Amino acid sequence: MTNLFKKFWFKKLLAIFAGACMTLSYAPFNYWPISFFCFAIIIGLVKPTDENTTVKKSAQLGFYFGLGWFGVGISWVHVAIADFGGLPLIISLLLMLILCAYLALYPALAFALSCKLYQYKRPLNCRSKYCLLHWFSYFSICFILMETLRGIVLTGFPWLSLGYILTDSPLNFLSPIIGEFGLSFVVLIFSFAAYLLFQAKQVWFLLASLSILFITLLISPYLSNTQHQDKQVKVLLVQGNIEQQIKWNPDQAWSIMQKYRDLTYKNWDVDLVVWPEAAISKVEYLAGDFLTQLDSAAAFNNTALITGIVDYQVDTTAIYNNLIVVGKRNLDSKQGQYHYLHDNRYTKHKLLPIGEFVPFEDILRPIAPLFNLAMSSFSEGEAIQKNLVANGLNILPANCFEIVFSNFLRQNYQTNSDLLLTVSNDAWFGDSHGPHQHMQIARMRSQELSLPLLRVTNNGITAVYDPIDDIQQSTPQFETNILKTQIKTISGDTFYSRHGDKPMQILLLLIFLCAVLATYKQIKTNLKLNLARTK
């Protein structure tokens, strides 16, 4: 068996297996400790303890780990490609493989770069704990760097970032302090501790990590001053459960709009009503009469309603994915506020590639229906926009894919924001783990900013979440339903909302500089040793 572990083909299979098991750490499974063991395995495979560990082999193992990680973790993407892409199965699987291979390049580069940086120290005894810690310093920083790039390059796809693993763990008390970015580093730290514990029977790193964690727990109340207010908000979240195949059928537009209206009209006795992304299936300038009536009804019933709607502006031919508010704007309002292009609206900024815009569209659109889906030519809104104001509530919005970008949400956060609202249509992904991961990501944003979360989707998961009590209420998926409940507002700002990722970036930079300094000192020591041997 020992000889088997030395076979490189077996290491590749083990890397794929470890990556695939990472999926169990995320929602809906939430076996978060598994991630520590998965990374402990890959650390054991790529650690530079002998001459057989090369940059090329490290890159290959990182790539296979990424293939398993993303191949299983975002397999829900294939549901959309297979069901709505209009492509043969073999082609859709090939596209999925290309996507996973692209994402796997990031861990491959992280493993290769950390090995390259460490090679300067290789002449020494690489089995010492200090030598291994030195390598881990490079490895963790390179991995976090590549994860950051994954969230930026080609508009970014930071799905399955490591920090989300801890969203529903006891370690989520760190979310309002260091955010998902910092939690990614925490995952790597405890993975390295697990490796040292099981492979080398060393507990010092685990004890040191737990000590720092305990100190952070003690001071955490002083870093964030958030607490519940006495005020409670009554909300109505409407889940229409509209089939994707009829969503943009003009013959179905009125019946869809009427369905949402009927689900709402018996439940006006709330402070806020929310409909999902693009719930109104007519473009805004053609739905004027319906919106005016909705505006009057909401104002008459002393409430406000937020809905997703597409706006096609004839003069510029631009298409926007919007959220608009109808009904009362402020508590002392006596009438509605709606008119076409009124300012109490939000325009989606972070657009989903292929789904909402097509890069190189002149080339790709003729190739297959996948690149020519309905409503796939949106224009982006401004990066920084005002909060929505509905019945006196200041609401921080995120439309579908945007909830994945923590810095984007933080830039639009205001100290007087009352609620975090995200709307979506996850009907594209069927009965997969995609919608559950999407909900988990939304919970992380809620924890980071300590804002009560409202999430409204076409077919689930529609939910409210309290980040202080860590309690979620939700409706079942794949059925027409409403969620009528109350949620407490929260006062104060978190450490993360004030400082973002900068404290963790400074910490990682200091660790990197220490590692570089240690490498520099070791190079000098190696030179002296070599000179001594030649004399």
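Predicted model: local features only at pLDDT ≥ 70, side-chain atom pairs only at ≥ 80, totals over all residues.
Ile461 is found in the loop between strands β9 (453-457) and β10 (463-466), and the peptide bond that joins Gly460 to Ile461 is cis, with an omega of about 10°. A search of the whole structure finds 31 aromatic pairs and one cavity of 30 Å³ or more.

**Backbone geometry**

- Most residues other than glycine have a negative phi, and most peptide bonds are trans.
- Besides the bond between Gly460 and Ile461, which is cis, the peptide bond from Ala27 to Pro28 is also cis, with omega near 5°.
- Pro28 has its place in the loop between α2 (8-21) and α3 (34-46).
- Ala278, a residue other than glycine, has a positive phi, with a value near 50°, and Ala278 lies in the loop between β2 (272-274) and α11.

**Helix α10 with helix α11**

- Helix α10, covering residues 253-265, packs against helix α11, covering residues 288-300, at an angle of about 0° and with the two axes 12 Å apart.
- Angles under 35 degrees count as roughly parallel, and α10 and α11 are therefore roughly parallel to each other.
- On the α10 side the contact is made by Trp254, Met257, Arg261 and Tyr265, while α11 brings Phe290, Gln293, Leu294 and Ala297.
- By class, the residues of this contact between α10 and α11 are six nonpolar, one polar and one charged.

**Helix α8 with helix α14**

- The axes of helix α8 (residues 175-199) and helix α14 (residues 434-449) come within 7 Å of each other and cross at roughly 140°, which makes α8 oblique to α14.
- Ser175, Pro176, Gly179, Glu180 and Leu183 of α8 make this contact together with Met444, Arg445, Gln447 and Glu448 of α14.
- The residues of the contact of α8 with α14 divide into three nonpolar, three polar and three charged.

**Aromatic pairs**

- Among the 31 aromatic pairs found in the whole structure is that of Phe136 and Phe139, whose ring centres are 6.3 Å apart and whose planes stand at 40°, so the pair is tilted.
- Phe136 and Phe139 both belong to helix α7 (residues 129-150), where, being three residues apart, they are separated by about one helical turn.

**The largest cavity**

- Rolling a probe the size of a water molecule over the atoms shows where empty space is left.
- The search of the whole structure finds one cavity of 30 Å³ or more, and the space in the largest cavity comes to about 30 Å³.
- Its lining is formed by Tyr346, Gln385, Leu396, Pro397, Phe408, Leu409 and Asn412.
- The elements that give two or more residues to this lining are β7 (393-399) and α13 (406-412), and α13 gives the most, with three residues.
- Divided by class, the lining of the largest cavity has five nonpolar and two polar residues, and no charged residues.

Technical notes. Residues numbered from 1 in each chain as written. Heavy atoms only, no water. Axes fitted to C-alpha atoms, helices over the stretch in contact; angles between N-to-C directions. Helix = DSSP H or I, 4+ residues; strand = E, 2+ residues; numbered from the N terminus. Parallel < 35°, antiparallel > 145°, perpendicular 65-115°, else oblique. Contact = heavy atoms within 4.5 Å. Nonpolar A, V, L, I, M, F, W, Y, C, P; charged D, E, K, R; others polar. 1 Å grid on protein atoms, 1.4 Å probe; cavity = no way out; pocket = protein on both sides within 12 Å on 5 of 7 lines; lining within 4 Å. Points joined across faces, edges and corners; volume = space filled by probe spheres on them. Phe/Tyr/Trp six-rings, centres within 6.5 Å; stacked < 30°, edge-to-face > 60°.
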